[in-house]
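Okay, everyone, thanks for coming.

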Amino acid sequence: MESKKKARANGNAEKEPVFLVKKASRFGGLDYLHIALIVLVVVLVALAFSLANFKSVIVCQYGMSVNGTCITPKYNQSQVLNAAAKVLANYQYINSTLSILTYYSLINQSKVSYQPSTNTWSVITPYRDPYTNTTLNVSMEFYGSNLSLETPFIQMLKPKIISNNSVVAQGVLGINGKTTCVSNTPEPVYLITDPYAPGAISSIMQAINMSRNYSKEINMSYKFVFSGYSISHYKTYGEQETQLLGAYLACGSVQQNFTKFMGILSNVYNGEPISNTTLYSMAQGAGFNMSSFGDCMVNAPATLSAQAELASFYGITTTPVFIANCKYEAIPATANELLNYSLSQLKG
């Protein structure tokens, strides 16, 4: 019986796993386990040394300077785009087709880039040519030291002055520091025009239609001034008779039947002053309240003088022009863009 137990015990012992560590004869008697541990320690030491001496790679947007630091312009892209918007705003004062740049520039699609070698900024702004309905580009270069205009695109005239007005959206000029009304709904909208300016009558009809379409959102009022277009008639018709049309329009615009009066006027107007007799008959035919209309006409010189001061306050040099919420300006061709933008700003 004992012999069987011993045999069984010896059998179990033979089945137990045995871990053999062989010597590596070529490495001074070290076994493979110790060699592996030594290699691991060497790798860890090398890694620690590398991390201690690792230097982060600096990526510079505009390249490296001579002393190894990043080139940092004095101004950022937003400030440069602001300068470009002011330049475009002042092309309205240039007496040429370049004046369209103010109202047809796509300022929000501009591309701004910096040239470190010359310390200049480049701005490329697309604009829509209303005559060909094509999209072209205007490019401008600004000095990096003070953002003054170095040169616009090839052979284009510079504005004589750069005011603080700026293009804020396609067809919309932002007027700097000229607020004379409180932002509310309905928001105030002015049409300012010389009665004899090209497009004056059509712009008045446009304003009437805009007033209908935005009846709950805007409050349209009409301002009449006498610029070079009126003055050109003084020699032939005299100042008083020439300005009579402006007085009738100013007083008629606050009458309920102003639309009917404009319908009559548009049929007989030929760009020349109209006699008082004819204008009075037209006012009667339109159904004006002749009592309140007569009171207004007595005070018309003072009313027109105040309207001239308002136009001067906003720096209006050409008409017709629309002003919305006392701080945004547009020509009749971009009046819808003006209203959409100003109302969106009012709603926040």
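Let's start with the link of C60 and C70: with -75° about the S-S bond, this one is left-handed. Keep in mind that we're looking at a predicted model. The sulfur atoms of C60 and C70 sit 1.9 Å apart.

So what does the C60 and C70 pair tie together? Both cysteines lie in the loop between helix 2, which is 32-52, and helix 3, which is 77-89, so the bond joins parts that are 10 residues apart in sequence.

How about burial? C60 is buried, at 16% relative accessible area. C70, on the other hand, comes out partly exposed, with a relative accessible area of 32%.

Now, how many disulfides does the structure hold in total? Two, so let's move to the other pair, C251 and C296. Here the sulfur atoms are 2.2 Å apart. The S-S torsion for C251 and C296 is about -90°, and that's why we call this disulfide left-handed.

Where do these two cysteines sit? C251 is in helix 7, residues 239-252, and C296 is in helix 10, residues 290-298. They're 45 residues apart, so this bond links distant parts of the chain.

Okay, that's my bit, over to you.

Methods. Residues are numbered from 1 along each chain as its sequence is written. This is a predicted model: local features need pLDDT of at least 70, side-chain atom pairs count only at pLDDT 80 or more; totals for chains, interfaces and linings use all residues. Side-chain values use heavy atoms; hydrogens and water are left out. A disulfide is a pair of cysteine sulfur atoms within 2.5 Å. Helices (H or I, at least four residues) and strands (E, at least two) are DSSP runs, numbered from the N terminus. Buried means under 20% relative accessible area, exposed over 50%, partly exposed in between (1.4 Å probe, protein chains only).
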